[in-house]
Amino acid sequence: MRDVLTKVASFAYAGLIYGFIFLPVAVLVLFSFQDGRLPVPPFNGFSLQWYEAVFADRKLMAALANSFVVAIVSSLIACLLGFLAAYALARYKLPGSALQRGLLIAPMTVSYLIIALGLLTVLNTFGIKLSLWTVGIGHVVINLPLCFAIIYSSMGDHHINIERAARDLGANDFKVMALVTAPMLMPSILAAFFLSVTFSWDEFIIAFLLSRFDVTLPVEIWSLLRSGLNPKTNAIGSLVFLVSVAVLAVLELTLFGKTKKS
Amino acid sequence: MTAPVSVHNATKIFGAFTALDDVSLDIEAGEFIVLLGPSGCGKTTLLSILGGFQSPTKGRVVIGGKDMTSVPPAKRPTTTMFQDYALFPHMKLRDNVGFGLRMRGMAKAERDEKALGFLDLVGLKTSADKKPHELSGGQRQRVALARALAVDPDVLLLDEPLGALDLKLRRQMQDELKAIQKRVGTTFVHVTHDQEEAMAIADRIVVMNQGRIEDFGPPADIYMRPRSVFSAGFMGEVNFIPGTVKHRVDASALVDTSVGDIALPLKSFTVGAPSPGQKVTLCIRPEHFRRAGEAEGPVVSLGDATITGSAFFGTHYRCHLKPSSAPDLSIVAHMPQSADVADGQILPLAVNLADIVALPAQSGRS
């Protein structure tokens, strides 16, 4: 009797937890198929009209492409810079290396709003016009600490002899990094890259404050929301969610599956 | 290819620690040299200096007649085989072995063919498309050897390469290393702390201790005619009997010891001719003891001794003996496997004169 109670209680608990996490998403996705003008109950019937509307909306599609480009480019730059910084700090004796590590990771603790305001001031001072480039710069600032931390933590001392062997066989510093170090660390570099992509993809405050005419998807969705609730926002939200899930699935299948094996 | 190596007065100091203390060494082209010593003796430091991974605080390194003291590893005609193999985990074996050739700008097809040749040399041709994690320790070892040899170095440096293998595999790899070295003719400099391994593979052994070279010569010389007390003790079990030189008579010297006066021929003094009054240490290997009457050639009797303990080792009995004339001395001797050995037994002990080595006594050094 007691066993049954515990079992029921734990199932109920698990159900509540998953409900709490996923109910909003489920509701969002459900009402993106709403046959009617309002994304609220009751559910009137199944329709794809709002997806049609999303794909027909030039501005939304442009924002989607912008988001994609900003996420990929800023993540590439953040990974490259993070890798170089990690390599330098893991392999060379640099002055104040503990302090330098701290400085590199510090932006993680600063709120996006503060970073955005700081960047805005700097950009204004230098007379740089706001664009997707400035959004990208902002995203590099927030993702670089993450990329650095992930890549640095995977640079073990056991790699030192392998790099030394490469150098002994005639490789210069660039070739050692490109042909030996980076491929050896590829699982963590890819993990850093994909995490960085998802963060950039979702990011709103920096993208909002540092862009002007061309905007990213979260900013476009926000301006849609200002004109009231609409199943179209549900449809685009579902699409964004689908992309994130796809990235995660790819990560899980290719990277984490691989590291478990070896 | 192959080249001679010379080290002139190399000294390496890390802070307050002297890892290498004025070491000079001449290695001939095509030799298999083993640097032997306990951990911290400076053998790995010497190897790093030969490979260019460290530069000496003082002194010079000459390889193939050229001064290499400040030349970086990549520019030296040396390659190093690392203790942990240091294979590239993300590359197939053929790409691991071909890496050095790739760095030298060789085209893909050509270097693949050469890499296959070297994998064949170490018996792994059929595994060319595998990755290192699919191999056993001994196989990784072989790939590391093939990779280091593929760039055709003049000198191959081996940093305790067999340390991680189990005993049986280690013996097998020793034979293979020796055979491969004979085939390619490259000068090998091999670091180890295992004296059996050193004797099994070396043309000449360099015995090192506390940053200095204690002894240098072919394995049989080092074992039979050591030139330092440390070297005698490190190469295998040995009995040390202290004594004092009384006087010299023609071609021999009379040494006063606790087991009686022993007249030793001058060639027993491997380091130099003795002078009267000099303190010496006599070194006698356990297998050199004989029962008086069984020995051949000129022998010296050490008087009677009592067996205080014995154990059967297969090839011999290992016995602890207490000489009657010096009860506080404990001697380890090997008796033939067919011998009748019992505790408390009293034996007349003797040694072939030619088997005794006399070295100047050292105080404060082990």
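Guide: The talk below goes through some of its terms.

Guide: This is a predicted model, in which local features need pLDDT of at least 70 and side-chain atom pairs count only at pLDDT 80 or more, while totals for chains, interfaces and linings use all residues. Residues are numbered from 1 along each chain as its sequence is written, and chains are lettered from A and ligands numbered from 1 in the order in which they are written.

Visitor: How do you know which residues of chain A are a "transmembrane region"?

Guide: That comes from the UniProt annotation in an unreviewed entry, which covers several stretches of chain A, including 12-33 and 176-201. UniProt positions are given in the numbering used here, feature names are shortened, and annotations may be inferred rather than shown by experiment.

Visitor: What is the helix content over residues 12-33 of chain A?

Guide: Residues 12-33 of chain A are 91% helix and 0% strand, with end C-alpha atoms 29 Å apart. Over residues 176-201 of chain A the values are 96% helix, 0% strand and 33 Å. Helices (H or I, at least four residues) and strands (E, at least two) are DSSP runs, numbered from the N terminus.

Visitor: What makes E1 and E4 of chain B a pair?

Guide: Two strands pair if DSSP finds at least two bridges between them. Strand E1 (residues 5-14) and strand E4 (residues 58-63) of chain B have five bridges, in the antiparallel sense, so they meet the definition. Val7(B), for instance, has Val61(B) in E4(B) as its bridge partner.

Visitor: Why are E2 and E5 of chain B said to stand at the edges?

Guide: The open sheet has four strands in the order E2-E1-E4-E5 (chain B), with antiparallel pairing. Strand E2 (17-27) and strand E5 (66-67) of chain B each have a single partner strand, so one side of each is left without a neighbour in the sheet.

Visitor: What makes a nonpolar core?

Guide: The term means a set of buried Ala, Val, Leu, Ile, Met, Phe, Trp, Tyr and Cys residues joined through C-beta atoms within 7 Å. A residue is buried if 20 or more other C-beta atoms lie within 10 Å of its own, with C-beta atoms placed from the backbone. The largest such core has 147 residues, and Ile151(A) is among those with the most contacts inside it. Helix H6 (residues 132-153) of chain A gives the largest share of this core, eleven residues.

Visitor: How much of chain B is buried?

Guide: Of the 366 residues in chain B, 41% are buried.

Notes:
A residue is buried if 20 or more other C-beta atoms lie within 10 Å of its own, exposed if 12 or fewer, and partly exposed in between; C-beta atoms are placed from the backbone.
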